[in-house]
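This report describes the fold, the surface and the packing of one chain, going from the chain as a whole to single residues. The sequence and the structure are shown first.

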Amino acid sequence: MKRLVFAAIIVSFAFFPVSTVSASPAQRVAAAAELGEHPRIATAITDLEDAIAYMENAPHDFGGHKAAAIAACHKAINQLKKAMAYRARKDMKE
């Protein structure tokens with residue numbers, strides 16, 4: 001039951017990157033459920049999103065590294081989401 005609720009929450013927060021917007025509802029649920037199997041990755045995505053929000057609202061530029069750090073966080077989130085979508089596709093085929 002916890003996995004189903006977790007999957008619904010992830011799907012409702014637009015888990016998928018733009019490249020998988022055309023994914024079927026079943027694929028979306030499968031990818032969200034995959035996050036339930038990998039909670040540390042789900043936590044990493046949330047933590048990176050929080051770090052982005054923090055840096056964007058910070059009054060300083062972190063020694064000139066703010067923009068690059070934000071961009072790197074966005075890239076990391078995108079890769080983590082792609083990894084979960086890949087696993088979901090593989091699991092659906094098996």
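## Surface and burial

In this predicted model, the chain exposes about 6,300 Å², and carbon and sulfur atoms supply 63% of that area. Of the 94 residues in the chain, 27% are buried.

## Secondary structure and contacts

The chain holds four helices and zero strands, so that, with the helices numbered from the N terminus, the elements run α-α-α-α. Among the contacts in the chain with a separation of 6 or more, 59% are between residues 24 or more positions apart.

## Helices α2 and α3

The axes of helix α2, residues 25-37, and helix α3, residues 39-57, come within 5 Å and cross at roughly 105°. Because angles of 65 to 115 degrees count as roughly perpendicular, α2 is described as roughly perpendicular to α3.

On the α2 side, the contact is made by Leu35, Gly36 and Glu37, while α3 contributes Pro39, Ile41, Ala42 and Ile45. By class, the residues of this contact of α2 with α3 divide into five nonpolar, one polar and one charged.

## The nonpolar core

The largest nonpolar core has nine residues, namely Leu35, Ala42, Ile45, Ile52, Met55, Ile70, Cys73, Ile77 and Met84, and both α3 and α4 (66-93) supply at least two residues each to this core. In soluble globular proteins, nonpolar side chains tend to be buried together.

Ile77, one of the core residues, touches Ile45, Leu48, Glu49 and Ile52 when residues up to four places away in sequence are not counted.

Definitions and conventions
Residues are numbered from 1 along each chain as its sequence is written. This is a predicted model: local features need pLDDT of at least 70, side-chain atom pairs count only at pLDDT 80 or more; totals for chains, interfaces and linings use all residues. Side-chain values use heavy atoms; hydrogens and water are left out. Buried means under 20% relative accessible area, exposed over 50%, partly exposed in between (1.4 Å probe, protein chains only). Contact means heavy atoms within 4.5 Å. Accessible areas come from the Shrake-Rupley method with a 1.4 Å probe; for residues, only the protein chains shown count as cover. Axes are lines fitted to C-alpha atoms, for helices over the stretch in contact, and angles run from 0 to 180 degrees between N-to-C directions. Angles under 35 degrees count as roughly parallel, over 145 as roughly antiparallel, 65 to 115 as roughly perpendicular and the rest as oblique. Ala, Val, Leu, Ile, Met, Phe, Trp, Tyr, Cys and Pro count as nonpolar, Asp, Glu, Lys and Arg as charged, and the others, Gly among them, as polar. A nonpolar core is a set of buried Ala, Val, Leu, Ile, Met, Phe, Trp, Tyr and Cys residues joined through side-chain atoms within 4.5 Å.
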